[in-house]
Amino acid sequence: MIRRPSTMRGRVPGRARWILPLLLPLCSLSSAQMQGMSMPTHTPPAVSSTTSAAVKNLQITGGWIAAAPPGADELAGYLTIRNPGKAAVTLVGASSRAAAHIMPMRTTQDMAGRESMQDVARLSIPAGGTLVFAPGRAHLMLRGLPRDLNVGEQVEMQLRFSDGSARGVLLTVRRL
């Protein structure tokens, strides 16, 4: 038997005071009854398994990620997306197992010539036009890297578009 300190006897601390009444009915359930219960889980949003004709026709080239020193938790990704179609296509995000978050960003310059980056929710690729992700311009910021990415390594990424489509691309890690 485990003895609690005398200051704890008879007291139920903070949150436990309202959680215990909710949990006590579960204590009387058998393990067979509990196996049939479903517990809510967090499921990340699914990436569309279908790709629209407009997104399929995009020409995606030159994908690369700028290498960084060991321990860096943010890297920039670059590529070129050409839209040969007759309608604009809008990039709304990206995802990869190589990063917790990937955000489209745009580098801007103020009147004094200072550069800054800002998140953008949408980047349009006009009909017959091209969107270039390059140093000093638009880029995909990979944040929350679980490990270092090595020069020469290829990183899978899913580009997400406003019509619900997704398109897979490979970006190679290389030096600037």
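## Arg143 and Glu74

Arg143 has a relative accessibility of 23%, so it counts as partly exposed. This is a predicted model. The partner of Arg143 is Glu74, and the two form a salt bridge. Their closest N and O atoms are 3.1 Å apart. That pair counts because the cut-off is within 4 Å.

The pair links distant parts of the chain. Glu74 sits in strand 2, which covers residues 74-82. Arg143 sits in strand 8, which covers residues 138-143.

## Asp110 and Arg114

Asp110 pairs with Arg114 in another salt bridge. Here the closest N and O atoms lie 2.9 Å apart.

How exposed is Asp110? Its relative accessible area is 32%, so Asp110 is partly exposed. Arg114 has a relative accessible area of 57%, so Arg114 is exposed. The cut-off for exposed is over 50%.

## Glu153 and Arg147

Glu153 forms a salt bridge with Arg147. The closest N and O atoms of this pair are 2.3 Å apart.

Is Glu153 buried or exposed? Glu153 is buried, because its relative accessible area is 18% and buried means under 20%. Arg147 has a relative accessible area of 45%, so Arg147 is partly exposed.

## The count

How many salt bridges does the model hold? The count comes to 3.

Technical notes: Residues are numbered from 1 along each chain as its sequence is written. This is a predicted model: local features need pLDDT of at least 70, side-chain atom pairs count only at pLDDT 80 or more; totals for chains, interfaces and linings use all residues. Side-chain values use heavy atoms; hydrogens and water are left out. A salt bridge is a side-chain nitrogen of Lys or Arg within 4 Å of a carboxyl oxygen of Asp or Glu. Helices (H or I, at least four residues) and strands (E, at least two) are DSSP runs, numbered from the N terminus. Buried means under 20% relative accessible area, exposed over 50%, partly exposed in between (1.4 Å probe, protein chains only).
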